[in-house]
Amino acid sequence: MNILIVGTGYVGLATGIALAKKGHKVRFYDKDKEKIKLLKKGKLFFFEPLLQEALKEFTKNQNVFFFDNLKEALENIEIVFVCVGTPILKDGRTNSKDIEKAIKEIKKYATKDLVVAIKSTINPKVYTSIKNILASSKFHLSVNPEFLREGSALNDSLNPSRIVIGTENEYAKKILDKLYAPFEAPKIFTDPMSAILTKYASNAFLAMKISFINEIANLSDRIGANIDDIALGTGLDPRIGKDYLKAGIGFGGSCLPKDTKNMVKYAKEIGIRLDLINSVNKINERQYKVVIEKLQKHLVSLKSRTIAIFGLSFKGDTDDLRNSISLKIIKDLEKEGAILRLHDYLAFKKAKKIINNAFISDIPYFVAEGSEAIVIATDWKEYSHLDWEKIRKLMKGNLIIDGRNILDKDLLKKIGFVYEGIGRK
Ligand SMILES: NC(=O)c1ccc[n+]([C@@H]2O[C@H](COP(=O)([O-])OP(=O)(O)OC[C@H]3O[C@@H](n4cnc5c(N)ncnc54)[C@H](O)[C@@H]3O)[C@@H](O)[C@H]2O)c1
């Protein structure tokens, strides 16, 4: 089938490349001409495992095409996937400027029947606005939420846990059913509002598990219990499940904080209180403060103290800094007058553009040099394989705050570190 992807970010590229791998002809359009220029050369402008290689392969195979002109890109297209960003405003409402602009342009240039599948995360209000813009029998609208995870985006797109298609339009249903035939995942056909809520409910539930275990970890810290054992003992109950029960300093990224806040805000606007999800957000917003408290417990004043932060991206295996918890910690430490040394394997380049007055490197040993404490802020698995004896010698102090509970605390203590995890005895 002839497919067009509008918006070439994580979701757009992973979706399009996965569809190309299944034998479809895929065009990509983005309003950002620079991105399209790079993509035409087979280059990705962000880090995502496997996507770079797949992009090169498919650009060569002529199965994948890039456009900076939507009118041309839309010629002979049967399905368009809308994958543009849907950020939120400070007050939690959706900033629907980009998605509405994309929809209006699709309306302007479409010349024949078109299935429009919305992959961007939207709330019911935005859906209604899109539906009104596309109120013509030519457009067959559906909501097809995306559940991929950054760091495994292509794999998730190729092997989704489920495919949710929300539509009131029989033609859209038939075409999307055919398109997704080569995928083995269960398909859930439903109405648009239920598809929208399935996406929000999924993200809210994941966020809830994280805030839940973080709250228990804070209690565990106080009474001297071990959150690793608690999470295992709790998560092995099949009704609960052990995924997303890793205690730490909170969730960041471009989805969970945005979608949970947006959900609460939207519900409030229509007179519904989402107390549980609101609490999940509140717990998350303050959770990172445990790092500052633990540093102060050991160092007392943080003024002119040299502190190394290991990890800047919102999670390992990505260079995405959006809503990163690490950046919140950095801001607080700057206010306290600490001297900062920052490490990330990938996000160091992006970080250099937004953080001044800090030494930033992709080599952890350089960053550790002369520091009084190290904070693990991102769950890069590489951190657990570092030469910690060497790091101990390079440091001025010996404090480790493991904000992601990924290091071997017994080993570190043996080397001579003072170790603090989150809720780890
Ligand atoms: N990143 C994730 O892990 C993830 C997972 C599931 C769902 N989502 C949702 O998917 C959507 C996209 O997320 P993303 O992370 O891929 O975003 P992104 O910011 O990486 O990419 C969005 C792209 O859309 C382009 N764009 C914006 N307005 C446009 C327009 N009018 N026409 C054409 N292109 C336009 C931007 O230039 C950008 O390249 C969001 O709604 C997000 O909430 C994201």
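In which handedness of crossing, left-handed or right-handed, does α9 pass α11? In this predicted model, the crossing of α9 past α11 is left-handed.

**Helix packing**

Helix α9, which covers residues 192-223, packs against helix α11, residues 256-269, at an angle of about 115°, and their axes are 9 Å apart. With angles of 65 to 115 degrees counted as roughly perpendicular, α9 is therefore roughly perpendicular to α11. On the α9 side the contact is made by K199, Y200, A201, N203, A204, L206, A207 and I210, which meet L256, D259, T260, N262 and M263 of α11. The loop between α10 (227-235) and α11 holds S254, a residue that counts as buried at 14% relative accessibility. When residues up to four places away in sequence are not counted, S254 touches E150, D320 and R322.

**Aromatic pairs**

A pair of aromatic rings is described by the distance of the centres and the angle of the planes. Across the whole structure, a search finds nine aromatic pairs. One of them joins Y180 and F183, whose ring centres are 5.5 Å apart and whose planes stand at 70°, so that this pair is edge-to-face. Both partners are buried, Y180 with a relative accessible area of 6% and F183 with a relative accessibility of 4%.

Another aromatic pair is formed by Y345 and Y383, and it is tilted, with 5.5 Å from centre to centre and 35° between the planes. Because Y345 lies in the loop between β10 (339-343) and α15 (348-354), while Y383 lies in the loop between β12 (373-376) and α17 (388-394), the pair ties together parts that are 38 residues apart in sequence. Y383 is buried, with a relative accessible area of 0%. Y345 and Y383 also belong to a cluster in which ring pairs link them with F310, W380, W388 and F417.

**Charges over rings**

Two lysines are placed over aromatic rings, as the table sets out.

| Lysine | Ring | Distance from the ring centre |
|---|---|---|
| K173 | F189 | 5.5 Å |
| K390 | Y365 | 4.2 Å |

K173 lies over the face of F189, whereas for K390 the charged end sits over the ring of Y365.

How values were computed: Residues are numbered from 1 along each chain as its sequence is written. This is a predicted model: local features need pLDDT of at least 70, side-chain atom pairs count only at pLDDT 80 or more; totals for chains, interfaces and linings use all residues. Side-chain values use heavy atoms; hydrogens and water are left out. Rings of Phe, Tyr and Trp (its six-membered ring) pair if their centres lie within 6.5 Å; planes under 30 degrees apart count as stacked, over 60 as edge-to-face and the rest as tilted. Buried means under 20% relative accessible area, exposed over 50%, partly exposed in between (1.4 Å probe, protein chains only). Helices (H or I, at least four residues) and strands (E, at least two) are DSSP runs, numbered from the N terminus. A charge sits over a ring if NZ of Lys or CZ of Arg is within 6 Å of the ring centre and within 35 degrees of the ring normal. Axes are lines fitted to C-alpha atoms, for helices over the stretch in contact, and angles run from 0 to 180 degrees between N-to-C directions. Angles under 35 degrees count as roughly parallel, over 145 as roughly antiparallel, 65 to 115 as roughly perpendicular and the rest as oblique. A crossing is left-handed if the near helix is turned anticlockwise from the far one by less than a right angle, and right-handed if clockwise. Contact means heavy atoms within 4.5 Å.
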